[in-house]
Amino acid sequence: MSKALCVLWAASGVVFAATTLEVLPPTVDLRGSEDRQQLLAQAAADGHSEDWTRSAAWHSSNPAVATVNAEGVVTPVGDGSATITAKAKGQTASASVRVTESKAPFTWNFTADVVPVLTKMGCNQGACHGALAGKNGFKLTLRGYDPEVDHQTLTRQHGGRRVSLADPPASLLLRKATMQTPHGGGKRFAKDSLEYRVIAEWIAAGAAAPADEDPRVESLEVFPATAILQPGAEQQLVVRARYADGRLRDISRWVKFASSDEGVATVDDAGKVKMTGHGEAAITLWYASKVFYARLSVPFPFEADPKVYSQFPRRNYIDGLAVAKWQALNLRPSPLASDAAFLRRAFLDAAGILPTAEEVEEFLADSSPDKRAKLIDQLLEREEFVDYWSYKWSDLLLVSSRKLRPNAMWSFYHWIRDSVKENKPWDRFARDIFTAQGNTREMGALNYFVLHKDPVELSENVTQAWLGQKLTCARCHNHPLEKWTQTQYYQFANLFSRVGMKNGAVAGDTVVYAKATGDINHPRLLRPLPPTPLDGEPFDLDSPEDRRAHFAAWLTSPDNPYFARALVNRVWGNFMGRGLTEPIDDVRATNPASNEELFAALAADFAHPKEGVPFDVKRLIRTIMNSSVYQLSADANATNQHDTQYYSKYNVKRLPGEVILDAMSQVTGVPSRFGGYAVGTRAMQLPDVRVASPFLSAFGRPDRIICDAGERSSEPSITQALHAINGDTLNRKLNDPNGYAALALKLGMSDARIVEHLYLAAFSRYPTEAERTKVVGELRNARPASGTAEAQRDTRQKALEDMMWALLTSKEFLFNQ
Amino acid sequence: MFRLDADRAVEFCDGLRRRDFLHAGSLPFLGLGLSHFLGWKAQGALDQTKDVNVIMLFLVGGPSQLDTWDMKPDAPAEIRGPFKPVRTNVPGIQISENFPRMAKNADKYALVRSLHHNAAAVHDTGHQMMQTGRLFQGGVEHPHIGCVLSKLRGPKGDVPAHVLLPKPIGNTGGNMPHGQSAGFLGKSYDPFVLNADPSDPNFRVPDMLPPEYLSALRVDRRRNWRAMVDQTVSRFETSQDARLLDSTFHQAYTLMSSARAREAFELSNENEKTRERYGLNRFGQSCLLARRMVEAGVRFVTVNMFETVFDEITWDIHGSKPFSPISCYKDLVGPMFDNAFTSLIEDLHDRRMLDNTMVVAVGEFGRTPKVNPAGGRDHWPACWTSVVAGGGVRGGQVVGSSDEIGANPKDRPVTPAQFAATVYQALGIPLETELPGAQGRPIRVVDHGVEPIHELFS
């Protein structure tokens, strides 16, 4: 090794760790003659892993018990124990294997063996026989969700030709799949394949039907679950299913693999991953309606001084967990933001307003070391904080005059606002909605049910808004991409089939009550199913109790895996510009987080805090805002220019349309006028999104028709630019006779003072010397040399308006940074 | 409200006339796409003899092949459905009675009766595949063909290269992207979205001109000062949205300063008869506007026939609410399409524009051969029909056929990728053209080995 390289390594602090080798999984139980286990020879060196499985020499200590082939696959021979050893590059490691029932009679099981073959080979996918209408008269359940139905279809329909007990190789199932008989779906497997053998031997043994005691998959595990690899490296994945009886079985061959980011990693059908870029990718594993993933990463090719990480200021647990991710990926965080940048950011993110020029000067002049924490505490007590979060939850709950009369809309909005103001814990907020009864005028939360009178619609909103799950697909058929089935869908929807409504005393007032009867039928089974929360306990169909209460208890239980994560991600995304999962309202199991450890910690701290009240939203906000991660500068360094998902710098984001409009009103001193609302009402205080406003329409506000974070768009468009340039909204604020420009001239302010004040008001900072010189210079040049005093003033005011326009349409103004 | 009218000069208080503003030359054209265009030209990568435009009519909801352009009159009643076939002006080609005007013009378009796809039978997957040629997987969003064109050729003159009318596809149930953006090419190549209803009596492009109290000089000064203010802060260079903001302002100024662009949007310059011929509805007027767009230099126009499939009468004839009944093909949707499509190809033909303007009408999938218990038909991606005209396509022919119940292609099956390749072929974009994907990974416009439907052009 060259000297220069040594120096480089010493400087970057990388220490040569000895290479270590391990065999995964370290212990293996093989049960029965057909069990197999792929072992991995996994090496660790210099902070990364390597898959040595193919190059290792494999050896069994007792070939009478188990043998191992050159690829590391262990096959049982006789009952007993053996040690399997892998040797590679001078390293040795081993796994212990126990073999049982090796001589016991063996038959393939329909649910555990045959259905996974059909699934992996694609027979029952949506485009083939898993389609709602099947294919060519042969219909399997989508991805084998109902083995009993599939067994019937295979053995009873079509005159028994699909499965021939008398002559298994003559079974259409085998002949079609191997293309011995023409098959629209092509050849799925070969005659000498394991796939063929599983099906043929199952048929030969009598094609036994599924039974209650069939092994049931509880969960999946994967090796390696996480790994840091080198660019271009290949890594085999091994997946084991854990069954209800505790048995672990290698089912890698039957797993459906997919990569979350093919720019980082690709994966083939056999579970072999190839790292194609830098960053982290999740490899999703789907088997028997269970979903899991492995996270594989390749650090970015940057050098990083370990001191950057060890000395990073850790204010709370968020910081340590973010640092761990940066360090693993070689990302260097940006420095902490300046006081001015932090101030503007905190006001906008927490309360949707700009600090006034006076507030900026005061904060910048304050020399106390804890002024940021103090500012956060003050912001969280402001009325604008309440407005901002009420608006946000009104987006979530779809408050609007579209379906609600004004009095109803106001009572709903006021209930939300009162809840935010008292910082009602999120579980109580939800529980209040789902357990309330009475009239909507007195209990505004009940309008939630008025908006969704149909139990099916209601259940879709519930899953989206409170659980971050999209269930719609399962309305008509099993969810093709997720684990939710149509049965689960109608079990869930039946939770809301007894919400009764009748007209109240005045128009717009509705009385909501729990009906004693009423069910909705599963559309194919044509009977009601026991009301059941997702993966929850069923509720007795005949119970007279309010089903919503059962649901509310499940929803807000600290053990509900989705409730806390759904809210945490929304709040995190509000501050950080990107959710830990994206889209922000999609926290399903197959959508891996960019920093799972951090996500889990935030959710745990929210649902099970060590001290204080669970589900305290304000506390969550305070924790996020006080972290160093939130307070990082938006200025990128050489390593994190393209990072948006690991939060190594503050993500610059365009302000929401409502916030921009209010900020323009504040800086120009001219409030917006919304039809039917008092002058001075800010956009963020509107309870309704149907108030006419060309500005808000152009800059994107949600329709509040469906619950979908995608409804709020902040993408710049030509339409927005045209409205900013030509539209009446900003232009009328600028030339208002009582606006800032007119007033500043009336007060006789100098150009220099005006420019300073405008920079403080619009950008929350003092102008630099260069900016002062340029901007003041332009204003001076725009002054006419002659003319009446009135004409001179008019020209000066127009110049000032134009300069304000330039400031208020600049990137620094429109973006939070 | 200021009226758009390029032919009249308007006097302003600062003495500058409107025409002066428009032609002041103070708004220099800095078209982003131009350099790309020249670069490509230098490499000889594009076939410049083919200055072909495309109008893509996206039939949101998924028309039933059996009730439109692939009738099965000999099939049992539960298959053939309620409508009868009629003869067209091309012997041997029959289409549904719901399109009487199309029937008189069958020599001008071709039918592809063997489209099929294998992805999940939800609207969104078909939207992706028919407009980008690919299903979105592994987190990669592929670009709409019009956005690829926009990237490779840039705008022609002052108008955007790719315009989408009247609004993007909204919610169709799958919560997936609809393939109407530039995807991995970046938002700068997204289409210009009209976001207004051209059939509205007061239709105009919102805020296309400055208000009367704002002189041209001031508009110009504001622009310069904004650039000066922005100059001092560099941290936005890494933010895609921020770069895009600059680009949208630039495009807005270009649009404003172009008389030709503004005139193109002026539907009231069309006579009433023409407007009625296209149909006085959102889709009909969008098709008319599409023709004007192409005349003004827009290279690719995407027209969404509908915005969603919920609570709107569309091609999505499940037969039960919130979807549409099969009868709407006769009462509403059929005539709406017949009038707009036929008027469009008649006009293009009469103006000698059909040779270099391809018109594609296609939905995201077909519908179940068997009529369902509600009297409708459900999603069916295994087989459906597209209508293709112009841009070198020989009319009066049928490519591919379906089996006796319209369930599967019988011969010449066509995939969405091949369909996209056909549009690229018409545009003169070589299929081996590579686009810059994520992390610099090159991605071909269509995968290796995907062939266009050659016989359409022969």
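**A close look at one helix**

Tutor: In this predicted model, helix 8 of chain A is mostly covered, with 11 of its 13 residues buried. The buried residues of helix 8 of chain A are A:Ala341, A:Phe342, A:Leu343, A:Arg344, A:Arg345, A:Ala346, A:Phe347, A:Leu348, A:Asp349, A:Ala350 and A:Ala351. The length of helix 8 of chain A, residues 339-351, can be checked as well: at 1.5 Å a residue its 13 residues should span 18 Å, and because its end C-alpha atoms are 18 Å apart, the two values agree. After helix 8 of chain A comes A:Gly352, whose phi is positive, near 70°.

Elsewhere in chain A, the axes of helix 2 (residues 110-120) and helix 3 (residues 147-155) come within 11 Å and cross at roughly 70°, which means that helix 2 of chain A is roughly perpendicular to helix 3 of chain A. Helix 2 of chain A passes helix 3 of chain A in a left-handed crossing, and the contact is made by A:Phe110, A:Thr111 and A:Val115 from helix 2 of chain A together with A:Pro147, A:Asp150 and A:His151 from helix 3 of chain A.

As for the contact between the chains, 58 residues of chain A and 53 residues of chain B take part. Helix 23 of chain A gives the most to the side of chain A that touches chain B, with eight residues, and the residues of that side divide into 24 nonpolar, 20 polar and 14 charged.

Terms used
Residues numbered from 1 in each chain as written. Chains lettered and ligands numbered in written order. Predicted model: local features only at pLDDT ≥ 70, side-chain atom pairs only at ≥ 80, totals over all residues. Axes fitted to C-alpha atoms, helices over the stretch in contact; angles between N-to-C directions. Helix = DSSP H or I, 4+ residues; strand = E, 2+ residues; numbered from the N terminus. Parallel < 35°, antiparallel > 145°, perpendicular 65-115°, else oblique. Left-handed = near helix turned anticlockwise from the far one by under 90°. Contact = placed C-beta atoms within 7 Å. Nonpolar A, V, L, I, M, F, W, Y, C, P; charged D, E, K, R; others polar. Expected span 1.5 Å × (residues − 1). Buried ≥ 20, exposed ≤ 12 C-beta atoms within 10 Å, placed from the backbone.
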